[in-house]
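Colleague: Before I use these labels, I would like to hear what stands behind each of them. Please take me through the aromatic rings and the core.

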Amino acid sequence: MVLIKRVLLAGMTALSLLAPAAPADAAGGRVTDLGVPLQDVLLLGGTVAPGPDGPPVLWSASSGSPARLNAVDPATGAEVAWFDLPGAAGAWAVDATPDGSVYAGTYGDGHLYRWTRESGVTDLGRPLPSENFIWTVAGGQGATVYGGTSPGGRLFGYDPATGVRDYGKLSAAHSYVRSVAYADGKIYAGTENPAALFEVDAADGTVKQLPTPPGLDVKDSWAYDVNVAEGYVFVRFGGAFPGPLHVWDIAAGQWVDALDSAHGLDVSPPDEQGKVYFVKAGELIGYDPRTRAVTPTGVPVTGRVANTRGIGWAELGLPDYPGKSLVGVLWRGLMFRYNPQTGAKSFVQTGIKGEPIDITAIAGGPDGRVYTGGFLNGGFAALDPETGEVREFHTFSQTEAMTTHRGKLYVGAYPEARLYAYDPELPWHSPEYSPSPEPGPVPNPARLFDLAADKQIRPRALTSAGRYVAAGTMPDLGQLGGVLAIWDPATGTLKHSRRDVVKDQSIVSLAYRDGVLYGGTSIYSGQSATPPTQPEAKLFAWSVKEDRLLWEFVPAPGKPAIPALTFDDRGRLWGIAGGEVFGVNVAAREVVSRVTLSAGAGASGQLAFNPEDKLLYGAHAGTEVFTVSPRTGAKAVLKRGPVHHLAVHRSGDVYFSEGPKLFRYQPLTR
């Protein structure tokens, strides 16, 4: 009864968030709370283990505020229980131990949580004070669990009887312990690129690095997934998407096999014949490490993200599913089932509930609607600008930026710095994110290009540039130097793509005028663990016709980033950097105006010119929405709050977000 009540209350809360709140007056205008436009399921870590009532369930961690540990009945897909993880936003790391405990290691706060049937969920705190991200946990003996972390690249153990054991930093060259598995007194741990695999003695802490598979170049690969079964270690090298799975024979001390196009995140426990199951090339397959035989199952697991979030065995008690069946859950809450005896297979949408998604991008679309994209879970929503109601929602990638150009909305997606074009006049169809066995219309959004080959991950800046669309990007871990890419929609080709336009700096903002692109840089990579080499951000000018750098200079000394640029109605270029708004005469190549907001030197901020009232609108340091007059420099605060994203609509209304909530500001001059 308590669980039912909690679920009903959660549903009522979700509905109330989506209903626009009454407007409130603000300085010079009116603010309306439009609720939560993006809400979806995102599962990261999971396992199959005994549940609250005893029989096995699908355990999974769903991202949210707070994150939840979910228990799903594999026979029905119903959520039999869920437990808040207070203070956590999500968990990659979920596993069970032989005593019946279920552990979850979280990101952001780096806490470890333990569920038991007797006590429910207990927050065990941060095992290692220096670490804020637990990437992986693996059950050991009894109630002992082992975990890997960042940013220090450390390994720890936790035993309820003795507490935390710090095994230390496994490698001076690595900042991440991305994946961990345990068997027979040994812990196996994999790192980020260049991928390394370590064997650690759980008792005495001795660390030994295992050799790299022969002929495998691990310079750009992670040991992303590590699993152990039947005396073999299975290591998938690469990243979030399919890569080679190599098999290490523990007794022989050598690599004995490799399978291409393996998906993560897990290899199943073995069946009675010693065969394990995982997804390979879009299909669930069985694999015998002793004979190296591969057995197809005919179970398709398709789409861009076809990684299992927990896979294991359960008795379903269903027709065509005798004995134990293989069950697993996918990232959006879809469950799959397969019975090796009969070949029966099925997919069931589980009862795991979606959570609000933090907004990462806002833009006015070519059809006049307001579009939002989200963090991590992703999502893509179109809102009616008059009512603020969501008229369209789709599962999609994490969005870094959006811009309108000649009837289409262009969307920059993480990772791989991908660019898409969405035509609102055509039906939505995304084979990557909403895969279907039935053929559909042409892909929309259409994927145009990516910059993975240039080691880029975030297309942070997008703008319409005459007949072209321009993108500026941030690179992957261990890399510096963004790419300036110019796409020609008429030919469907990249007119230009160049890395390191400004040495060792990312491109995080763009503005266009009279054949010239103006870019703002950041000294940082797209991953915070990469140390910068440059002291301050720069502003540069780029000739679109000639594909060459015209000039660069430092407009805001000491500031690490220029995250937003915009032109006013007189042709002056404005930017924000740390706690400062500056105006540039681009012909003279000099700063001619400065407005101080604070003494801060952060890398975030938003700025956009509103032609309706001729004011600059901005978001500063995640603390406030403000206006600045480009003529007088006068500043006004419209609303205080954790605002990071903002856009001016063609109506003159201003849309901004606080976490997952969207707001509309209507100037009283309208």
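**Labels and their cut-offs**

Modeller: This is a predicted model, in which local features need pLDDT of at least 70 and side-chain atom pairs count only at pLDDT 80 or more, while totals for chains, interfaces and linings use all residues. Residues are numbered from 1 along each chain as its sequence is written, and side-chain values use heavy atoms, with hydrogens and water left out.

Colleague: Why does F83 count as buried?

Modeller: Buried means under 20% relative accessible area, exposed over 50%, and partly exposed in between (1.4 Å probe, protein chains only). F83 has 19% relative accessibility, so it counts as buried. W115 is at 3% and therefore counts as buried too.

Colleague: Why is the pair of F83 and W115 called tilted?

Modeller: Rings of Phe, Tyr and Trp (its six-membered ring) pair if their centres lie within 6.5 Å; planes under 30 degrees apart are stacked, over 60 edge-to-face, the rest tilted. Here the centres are 6.2 Å apart and the planes at 50 degrees, so the pair is tilted. The structure holds 34 aromatic pairs.

Colleague: What makes R178 sit over the ring of Y224?

Modeller: The rule asks for NZ of Lys or CZ of Arg within 6 Å of the ring centre and within 35 degrees of the ring normal. The charged end of R178 is 4.1 Å from the centre of the Y224 ring. R337 lies over the face of Y321, at 5.8 Å.

Colleague: Which residues does M402 touch?

Modeller: Contact means heavy atoms within 4.5 Å. Leaving out residues up to four places away in sequence, M402 touches residues including Y371, L409, V411 and L462.
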